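I opened this model to see how its chain is put together. My notes follow, in the order I looked things up.

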Amino acid sequence: MKIIHAASELKPGNRKVCLAIGFFDGVHLGHQQIIRQTIADAHQHNAVALVLTFDRHPNSIVAPARVPPLIYSLPQKFRVIESLGVEKILLVHFDENFCRQTGEEFVRGLARDLGKIHSVCVGADFVFGHQRSGNVALLKKLGGELGFSVHGLAAVSLDGQVVSSTRIRETIRTGNLDAASQMLGRPYAISGRVVEGDKLGRQLGFPTANLDAAGLVLPPNGVYAGLVTVKKKSFCAALNIGLRPTVASARPELRVEAHLLDFKGELYGTELEVEIGEKLRNERKFDSTAELREQIEKDIANVRKLTRC
């Protein structure tokens, strides 16, 4: 899959373009429906399947006080979109200049720079452009003029409720990870770049990969069984999410740390994805590092028992 940063980079030649547009946080069942419709159109008409998404949540510019924590990091979102069979992603830089465009200006610019658009697929409630001036009705109006069809797909429901990124975030916050996985259509996982920590885990005999999870929605603090894939090989893991109350710190800081069982090697700088399974226990403060070490040994034994690693 190729990632481009301007519509003019696509250069589809004689092929038409089938376009899916959305932020697609979580790439949940509703998003998958939109993307799969785009891919089906492309296959039927020998066109290029293109997903247009944004490098940050639109609220970061239009409503900074209401930016939601994200379900997926950008690389994780790309991996899931690629797994659906998308050829190319157009990653749009969402900034002040971009959000000043009206909905009509945005669509006409795409039509100009992409060449011949065959179809545009969005959610039925999709709005876009300055002051939300664009919607499915505008897309259909411009499609009639510019020669493309429009799919405004209704939301997917599960257990009688609409599947949405907002609903998934809430299930993650409350620890209902099975429900989150059902709506995502895959096991829920946290993904982030491995950054350098204070190496306390290494000192205790259990080195951990510290994930940069800034800006992501997280499950309740505690210790979880996890599964990590590194270079196509899977490792069970003990995952800790929390403030590490046993460690003396002037300013407690939320950490996401994974100890990969039976793994040897360095992971710094790697984008690591941890599939989160059963919660083992809540976070708690221990009286000493020796007591903490003893509990970590028990946690790892429980991970092995649960995952049969």
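**Helix 8 and its cover**

I started with helix 8, where Leu177, Ala179, Ala180, Ser181, Met183 and Leu184 are buried. Buried here is under 20% relative accessible area, exposed is over 50%, and partly exposed is in between (1.4 Å probe, protein chains only). Helices (H or I, at least four residues) and strands (E, at least two) are DSSP runs, numbered from the N terminus. This is a predicted model, where local features need pLDDT of at least 70 and side-chain atom pairs count only at pLDDT 80 or more, while totals for chains, interfaces and linings use all residues. Residues are numbered from 1 along each chain as its sequence is written, and side-chain values use heavy atoms, with hydrogens and water left out.

Helix 8 runs over residues 177–184, and six of its eight residues are buried. I looked up what covers them: the list includes helix 1 (29–44), helix 7 (165–173), strand 7 (157–158), strand 11 (222–230) and strand 14 (271–281). I counted a contact as heavy atoms within 4.5 Å. After helix 8 comes glycine 185, with a positive phi near 80°.

**Cores**

Which residues touch the most other members of the largest nonpolar core? They are Ile35 and Leu272, in a core of 53 residues. Such a core is a set of buried Ala, Val, Leu, Ile, Met, Phe, Trp, Tyr and Cys residues joined through side-chain atoms within 4.5 Å. A second, separate core has 33 residues, among them Phe106, Ile117, Val120 and Val122.

Leaving aside neighbours within four places in sequence, I found leucine 272 in contact with residues including Ile190, Ser191, Val228 and Leu260.

**Glutamine 76**

I checked glutamine 76 next, in helix 3 (residues 74–83). Is glutamine 76 buried or exposed? It is buried, at a relative accessible area of 1%. Not counting residues up to four places away in sequence, glutamine 76 touches Ile71, Ala189, Ile190, Ser191 and Glu273.

**Whole chain**

I noted 10 helices and 14 strands in the protein chain. Its C-alpha trace spans about 70 × 40 × 40 Å along the principal axes. Of the 309 residues, 48% are buried. Among contacts with a separation of 6 or more, 74% come from residues 24 or more positions apart.
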